[in-house]
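Please look through the sequence and the model shown below before reading on. The report then moves from one residue to its surroundings and on to the whole chain.

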Amino acid sequence: MNERGIARIVRHPLSPFKKRAFISIMILAVVMAIGTIGMMALEGWDPVTSLYFMSLLATAEGPAQAPVTVGGKIFASVMAFFSIGAAISAITFTFGPLFGSILKEGFAYVEKGENKLKKELEHKNQTRSSTRPED
(Lines give C-alpha, C1' and ligand atoms only; values in the text may rest on other atoms or scores of the structure.)
Protein backbone atom coordinates (compact mmCIF):
# COMPACT_ATOMS: atom_id res chain seq x y z
CA MET A 1 0.00 0.00 0.00
CA ASN A 2 1.46 3.37 -0.98
CA GLU A 3 1.61 6.54 1.14
CA ARG A 4 -1.38 8.07 -0.55
CA GLY A 5 -3.53 5.06 0.36
CA ILE A 6 -2.38 5.20 3.98
CA ALA A 7 -3.11 8.93 4.14
CA ARG A 8 -6.69 8.29 3.08
CA ILE A 9 -7.16 5.68 5.79
CA VAL A 10 -5.27 7.37 8.63
CA ARG A 11 -5.96 11.04 9.24
CA HIS A 12 -4.45 13.30 11.82
CA PRO A 13 -7.11 14.38 14.33
CA LEU A 14 -6.31 18.05 13.79
CA SER A 15 -6.84 18.00 10.03
CA PRO A 16 -8.30 19.33 7.87
CA PHE A 17 -8.15 22.97 8.84
CA LYS A 18 -11.55 23.99 7.48
CA LYS A 19 -13.30 21.23 9.38
CA ARG A 20 -11.70 22.24 12.67
CA ALA A 21 -12.55 25.90 12.15
CA PHE A 22 -16.15 25.11 11.20
CA ILE A 23 -16.69 22.79 14.16
CA SER A 24 -15.19 25.27 16.64
CA ILE A 25 -17.35 28.11 15.30
CA MET A 26 -20.43 25.88 15.50
CA ILE A 27 -19.59 24.98 19.11
CA LEU A 28 -19.27 28.68 19.90
CA ALA A 29 -22.64 29.35 18.25
CA VAL A 30 -24.30 26.57 20.26
CA VAL A 31 -22.77 27.79 23.53
CA MET A 32 -23.86 31.37 22.77
CA ALA A 33 -27.40 30.19 21.90
CA ILE A 34 -27.69 28.16 25.11
CA GLY A 35 -26.40 31.12 27.12
CA THR A 36 -28.73 33.57 25.42
CA ILE A 37 -31.79 31.36 25.93
CA GLY A 38 -30.76 30.66 29.52
CA MET A 39 -30.39 34.32 30.38
CA MET A 40 -33.73 35.08 28.73
CA ALA A 41 -35.41 32.39 30.83
CA LEU A 42 -33.65 33.08 34.14
CA GLU A 43 -33.43 36.86 34.05
CA GLY A 44 -36.36 37.73 31.81
CA TRP A 45 -34.16 39.77 29.46
CA ASP A 46 -34.97 40.33 25.83
CA PRO A 47 -32.99 38.37 23.18
CA VAL A 48 -30.72 41.29 22.23
CA THR A 49 -29.74 42.05 25.84
CA SER A 50 -29.14 38.36 26.54
CA LEU A 51 -26.98 37.93 23.42
CA TYR A 52 -25.07 41.12 24.25
CA PHE A 53 -24.46 39.85 27.79
CA MET A 54 -23.21 36.49 26.49
CA SER A 55 -20.94 38.08 23.87
CA LEU A 56 -19.31 40.27 26.50
CA LEU A 57 -19.01 37.25 28.79
CA ALA A 58 -17.45 35.09 26.03
CA THR A 59 -14.84 37.71 25.16
CA ALA A 60 -13.95 38.24 28.84
CA GLU A 61 -14.82 41.89 28.36
CA GLY A 62 -16.99 41.91 31.44
CA PRO A 63 -20.68 42.57 30.97
CA ALA A 64 -22.05 45.96 31.94
CA GLN A 65 -25.20 44.39 33.36
CA ALA A 66 -25.14 41.75 36.08
CA PRO A 67 -27.73 39.04 36.66
CA VAL A 68 -30.11 39.76 39.52
CA THR A 69 -31.36 36.28 40.41
CA VAL A 70 -29.26 33.65 42.13
CA GLY A 71 -29.98 31.18 39.32
CA GLY A 72 -28.90 33.76 36.74
CA LYS A 73 -25.65 34.40 38.59
CA ILE A 74 -24.83 30.70 38.85
CA PHE A 75 -25.76 30.10 35.21
CA ALA A 76 -23.63 33.07 34.09
CA SER A 77 -20.69 31.79 36.13
CA VAL A 78 -20.86 28.36 34.50
CA MET A 79 -21.42 29.82 31.04
CA ALA A 80 -18.37 32.07 31.47
CA PHE A 81 -16.08 29.04 31.45
CA PHE A 82 -17.76 27.40 28.47
CA SER A 83 -18.14 30.58 26.42
CA ILE A 84 -14.59 31.83 26.96
CA GLY A 85 -13.19 28.39 26.11
CA ALA A 86 -15.35 28.13 23.00
CA ALA A 87 -14.38 31.65 21.86
CA ILE A 88 -10.66 31.01 22.37
CA SER A 89 -10.79 27.70 20.50
CA ALA A 90 -12.77 29.25 17.64
CA ILE A 91 -10.24 32.05 17.29
CA THR A 92 -7.31 29.65 17.57
CA PHE A 93 -8.61 27.14 15.04
CA THR A 94 -9.72 29.86 12.62
CA PHE A 95 -6.73 32.20 12.74
CA GLY A 96 -4.00 29.94 14.19
CA PRO A 97 -2.66 28.68 10.84
CA LEU A 98 -2.49 32.26 9.56
CA PHE A 99 -0.49 33.41 12.58
CA GLY A 100 1.71 30.33 12.31
CA SER A 101 2.59 31.01 8.68
CA ILE A 102 3.29 34.68 9.43
CA LEU A 103 5.53 33.68 12.33
CA LYS A 104 7.32 31.11 10.15
CA GLU A 105 7.96 33.73 7.45
CA GLY A 106 9.23 36.16 10.08
CA PHE A 107 11.71 33.63 11.44
CA ALA A 108 12.87 32.79 7.91
CA TYR A 109 13.42 36.50 7.19
CA VAL A 110 15.44 36.97 10.39
CA GLU A 111 17.47 33.83 9.68
CA LYS A 112 18.21 35.02 6.14
CA GLY A 113 19.45 38.37 7.47
CA GLU A 114 21.51 36.61 10.11
CA ASN A 115 23.18 34.38 7.51
CA LYS A 116 23.93 37.39 5.30
CA LEU A 117 25.54 39.19 8.23
CA LYS A 118 27.63 36.13 9.11
CA LYS A 119 28.91 35.90 5.54
CA GLU A 120 29.84 39.59 5.54
CA LEU A 121 31.72 39.19 8.83
CA GLU A 122 33.55 36.11 7.52
CA HIS A 123 34.49 38.01 4.36
CA LYS A 124 35.84 40.95 6.41
CA ASN A 125 37.84 38.60 8.64
CA GLN A 126 39.35 36.85 5.62
CA THR A 127 40.19 40.16 3.96
CA ARG A 128 41.74 41.50 7.15
CA SER A 129 43.84 38.37 7.71
CA SER A 130 45.09 38.28 4.10
CA THR A 131 46.15 41.97 4.07
CA ARG A 132 47.76 41.89 7.50
CA PRO A 133 51.52 41.26 7.39
CA GLU A 134 52.71 38.16 9.20
CA ASP A 135 54.47 38.77 12.50
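Is Phe53 buried or exposed? Phe53 is buried, because its relative accessible area is 4%, where buried means under 20% relative accessible area, exposed means over 50%, and partly exposed lies in between, all with a 1.4 Å probe and protein chains only. The structure is a predicted model, in which local features need pLDDT of at least 70 and side-chain atom pairs count only at pLDDT 80 or more, while totals for chains, interfaces and linings use all residues. Residues are numbered from 1 along each chain as its sequence is written, and side-chain values use heavy atoms, with hydrogens and water left out.

| Residue | Relative accessible area | Class |
|---|---|---|
| Phe53 | 4% | buried |
| Trp45 | 12% | buried |
| Val30 | 45% | partly exposed |

Trp45 and Phe53 form an aromatic pair, with 5.2 Å from centre to centre and 65 degrees between the planes, and this pair is edge-to-face. Rings of Phe, Tyr and Trp (its six-membered ring) pair if their centres lie within 6.5 Å, and planes under 30 degrees apart count as stacked, over 60 as edge-to-face and the rest as tilted. By this rule the count is 1 aromatic pair.

Helix α3 (residues 47-58) and helix α4 (residues 70-131) have axes that come within 8 Å and cross at roughly 65 degrees; the axes are lines fitted to C-alpha atoms over the stretch in contact, and angles run from 0 to 180 degrees between N-to-C directions. On the α3 side the contact is made by Phe53, Met54, Leu57 and Ala58, and on the α4 side by Ala76, Met79, Ala80, Ser83, Ile84 and Ala87, contact meaning heavy atoms within 4.5 Å. These residues divide into 9 nonpolar, 1 polar and no charged, where Ala, Val, Leu, Ile, Met, Phe, Trp, Tyr, Cys and Pro count as nonpolar, Asp, Glu, Lys and Arg as charged, and the others, Gly among them, as polar.

Val30 belongs to helix α2 (residues 17-43). Between Val30 and Ala86 there are 56 residues of separation in sequence, and 9.5 Å in space from C-alpha to C-alpha.

For the protein as a whole, the secondary structure comes to 4 helices and 0 strands, helices (H or I, at least four residues) and strands (E, at least two) being DSSP runs numbered from the N terminus. Of the 135 residues in the protein, 19% are buried. Among contacts with a separation of 6 or more, 57% involve residues 24 or more positions apart.
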